[in-house]
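I opened the notebook to go through this chain one feature at a time. The entries follow the order in which I looked things up.

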Amino acid sequence: MGIEITGIGGLILLVLNIWAFVSIIGSHNSTGSKVLWCLLVLILPLLGFIIWLIAGPRSDSARA
């Protein structure tokens, strides 16, 4: 049972990280900022995603 839960958790984390990459690349920030955010999410998948979710760049719709 543990392998199935771990696999589902890994798949969910992969989808969330892909969503983070797409959002980072689509933002209007500088290239350097985008690279640093992508590296953080890539090197520390779970912790990097949580940090990006809390402190990362916001989209234009979130600012309105």
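I began with a term: a residue is called buried when its relative accessible area is under 20%, and exposed when it is over 50%. I note that the model is a predicted one.

Next I looked up the ring pairs and found three aromatic pairs in the structure. One of them joins Trp19 and Phe49, a tilted pair with 6.2 Å centre to centre and 55 degrees between the planes. Trp19 belongs to helix α1 and Phe49 to helix α3, so this pair ties together parts that are 30 residues apart in sequence. Phe49 is buried at 6% relative accessible area, while Trp19 is partly exposed at 44%.

Phe49 also pairs with Trp52, again tilted, at 5.8 Å centre to centre and 40 degrees. Both sit in helix α3, three residues apart, which is about one turn of the helix. I wrote down Trp19, Phe49 and Trp52 as a cluster linked by ring pairs.

Which residues make the nonpolar patch of about 770 Å²? I listed Ile8, Ile12, Leu16, Trp19, Leu46, Ile50, Leu53 and Ile54. Helices α1 (2-26) and α3 (45-55) each give two or more residues to the patch. Ile54, in helix α3, is exposed at 62%.

Last, I checked the UniProt record, an unreviewed entry, which lists residues 7-28 and 34-55 under "transmembrane region". In the model, residues 7-28 are 91% helix, with end C-alpha atoms 34 Å apart. Residues 34-55 are 95% helix, and their end C-alpha atoms are 13 Å apart.

Methods:
Residues are numbered from 1 along each chain as its sequence is written. This is a predicted model: local features need pLDDT of at least 70, side-chain atom pairs count only at pLDDT 80 or more; totals for chains, interfaces and linings use all residues. Side-chain values use heavy atoms; hydrogens and water are left out. UniProt positions are given in the numbering used here, feature names are shortened, and annotations may be inferred rather than shown by experiment. Helices (H or I, at least four residues) and strands (E, at least two) are DSSP runs, numbered from the N terminus. Patches are made of residues with over 30% relative accessible area and no salt bridge: like charges are joined within 9 Å, nonpolar side chains (Val, Leu, Ile, Met, Phe, Trp, Tyr) within 5 Å. Accessible areas come from the Shrake-Rupley method with a 1.4 Å probe; for residues, only the protein chains shown count as cover. A salt bridge is a side-chain nitrogen of Lys or Arg within 4 Å of a carboxyl oxygen of Asp or Glu. Buried means under 20% relative accessible area, exposed over 50%, partly exposed in between (1.4 Å probe, protein chains only). Rings of Phe, Tyr and Trp (its six-membered ring) pair if their centres lie within 6.5 Å; planes under 30 degrees apart count as stacked, over 60 as edge-to-face and the rest as tilted.
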